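Me: I am new to this structure and would like to be walked through it. Could we take it one question at a time?

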Amino acid sequence: MNAVARVPDGAGPGLPPARPRHPRARNGNFGVLDIGSTKIVCVIARIEPDGLPRALGYGWQRSHGVKGGNITDLAAAERAIRAAVAHAEEMAHTKLSGVIVNLSCGQPGSRQRNVQWTIGGRAVTEADLRAMVNEGRRRMAEEGREAIHALPLNFTLDATPGVSDPRGMIGESLGVRLHIVDAASASLRNLGTGLLRCDLEVEEPVSAPYAAALSALAEDERELGATVIDMGGGTTTLAVVHEGLLLHTAQVPVGGWQVTNDLARGLSTPLDQAERLKTMYGSLFGTIEDEREMLSLSQIGEDGESLSRVPRAQMLSIIRPRVEETLELVRDRLAEAHLGPDAGQRVVLTGGASQLVGMRETAARILGRQVRLGRPAPVRGLPEAFHAPGFATTLGLVAWGGGEGRPALDFDDASQGSRSVFARFVNWLRDRV
């Protein structure tokens, strides 16, 4: 359903405290676009003098032409994106030429690469650091993938590890451990093509799970180490943050839609009926009353007035295995990352599918960690509906526009790094259209 409403003037309750404006916050109005498997959301915002964002306009549409985070139908995706952006522009009285967009397409991967650079006894310059980041990007391009984020985690100067900022220091050789978030080049081209058809440029792509982490994690959790699991409609993603740095991301192609689909198949009911049953009666807990509690639903191909009745226990027996499988896949992805204590013992669940009754307890049992449910920090000018877990990625993109989550040494900025990926695609397309 489209959302068009009057933007309230006052700040709502629960807003984070004012802070100095981040030096890398966007100036003026900016747009963010969250392209998901179930909904497409656009928000136009600006950063106020108190350092907090204010939404000027917003709009959302049911997603079409997107599956598992990838664009599968350009025409359908274009219509949905145009509609969401148009509503936000109408409210904000602003025309967007570009957006900050979430990256969930192209089977995004998370890799760490070590790069060595010869200094030769002189002082390290910023140009050396940028060259090392570009070398990490070049290696990924050779594998047919594009580096979206190339984030320095730590430096080693000669035999001295743990150097936080080597600029100005003298040495023979400099090493850096880069965390690279990458994606398949072809999928990125499809994303760039879809937005180009909407007369939009990708100003900055941001890893979707990292965006969710920026909005759902408390400041102490970012420093001490935590894992954010964003349970969306078509995918479940995770991001590991430690000492304010993004250490790892991963994605599994299972989300809330698969639960709905299982219910539709298992109960022979239309998808909209299955979604309604999941939302109203879904749970991961069972009681002895579930066998006696009967649920009414229509059958596929039957007259809408002809309802059948099934015990609630039957529905729960379909939901539970799919959710447990999803969490087991997440557990395996975390184990494969070999992050050890850096991942922390705390897990924050967010995303629309995390709201199923019993999800926190089930996740704690399967993951063997402390688990809490996370909601995005409120943003002025947005209705209460936007402060639900399903909008964590959207509001994380707004936080990124405010400068949040960017490393202290960022040689991966929009003008030099991620934007150039899509600039090449746009130029490639324009040469052929």
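**The nonpolar cores**

Me: Which residues have the most contacts inside the largest nonpolar core?
Reply: This is a predicted model, and its largest nonpolar core has 38 residues. At least two residues of this core come from each of β1 (30-35), β2 (39-47), β3 (53-62), α4 (208-216), β12 (226-231), β13 (236-242) and α10 (392-401). The residues with the most contacts inside this core are Val43, Leu382 and Phe386.

Me: How many residues are in the other core, which lies apart from it?
Reply: Among the residues of that other core are Ile229, Leu327, Val330 and Leu356. Its number of residues is 37.

Me: Which residues is phenylalanine 386 in contact with, leaving aside its neighbours within four places in sequence?
Reply: Phe386 is one of the residues with the most contacts inside the largest nonpolar core. Leaving aside neighbours within four places in sequence, phenylalanine 386 is in contact with Val41, Val43, Tyr58, Trp60, Pro376, Phe391 and Leu395.

Me: What percentage of the 433 residues of the protein count as buried?
Reply: The protein has 11 helices and 18 strands. Among its contacts with a separation of 6 or more, 71% are between residues 24 or more positions apart. Of its 433 residues, the share that counts as buried is 57%.

**Helices that cross**

Me: How many residues of the contact of α1 with α3 are nonpolar?
Reply: α1 passes α3 in a right-handed crossing. On the α1 side the contact is made by Leu74, Ala75, Glu78, Ile81 and Arg82, and on the α3 side by Asn190, Thr193, Gly194, Leu195 and Arg197. Of these residues, 3 are polar and 3 charged, while the nonpolar ones number 4.

Me: How do the residues of the contact of α6 with α8 divide into nonpolar, polar and charged, and what are the numbers?
Reply: Helix α6 (residues 256-267) and helix α8 (residues 312-337) have axes that come within 9 Å and cross at roughly 140 degrees, and the crossing is right-handed. From α6 the contact takes Gln258, Val259, Asp262, Leu263, Gly266 and Leu267, and from α8 it takes Gln314, Met315, Ile318, Ile319, Arg322 and Val323. These residues divide into 7 nonpolar, 3 polar and 2 charged.

**Single residues**

Me: Is histidine 93 buried or exposed?
Reply: Histidine 93 is found in the loop between α1 and β6 (98-103). Its phi is near 55 degrees, a positive value in a residue other than glycine. With a relative accessible area of 75%, where over 50% is needed, histidine 93 is exposed.

Me: What does aspartate 158 count as at 41% relative accessibility?
Reply: Aspartate 158 has its place in the loop between β8 (145-157) and β9 (160-163), and its phi is near 55 degrees, a positive value. A residue between the 20% and 50% limits belongs to the middle class. At 41%, aspartate 158 counts as partly exposed.

Me: Is threonine 235 buried or exposed?
Reply: Threonine 235 lies in the loop between β12 and β13. Not counting residues up to four places away in sequence, threonine 235 touches Gly68, Gly69, Asp230, Gln251, Val252, Pro253, Val254 and Gly255. Its relative accessibility is 12%, so threonine 235 counts as buried.

Me: How many Å apart in space are proline 378 and proline 53, C-alpha to C-alpha?
Reply: Proline 378 lies in the loop between β18 (370-373) and α10, and is buried, with a relative accessible area of 18%. In sequence, proline 378 and proline 53 are 325 residues apart. In space, C-alpha to C-alpha, their separation is 9.5 Å.

Notes. Residues are numbered from 1 along each chain as its sequence is written. This is a predicted model: local features need pLDDT of at least 70, side-chain atom pairs count only at pLDDT 80 or more; totals for chains, interfaces and linings use all residues. Side-chain values use heavy atoms; hydrogens and water are left out. A nonpolar core is a set of buried Ala, Val, Leu, Ile, Met, Phe, Trp, Tyr and Cys residues joined through side-chain atoms within 4.5 Å. Buried means under 20% relative accessible area, exposed over 50%, partly exposed in between (1.4 Å probe, protein chains only). Helices (H or I, at least four residues) and strands (E, at least two) are DSSP runs, numbered from the N terminus. Contact means heavy atoms within 4.5 Å. A crossing is left-handed if the near helix is turned anticlockwise from the far one by less than a right angle, and right-handed if clockwise. Ala, Val, Leu, Ile, Met, Phe, Trp, Tyr, Cys and Pro count as nonpolar, Asp, Glu, Lys and Arg as charged, and the others, Gly among them, as polar. Axes are lines fitted to C-alpha atoms, for helices over the stretch in contact, and angles run from 0 to 180 degrees between N-to-C directions.
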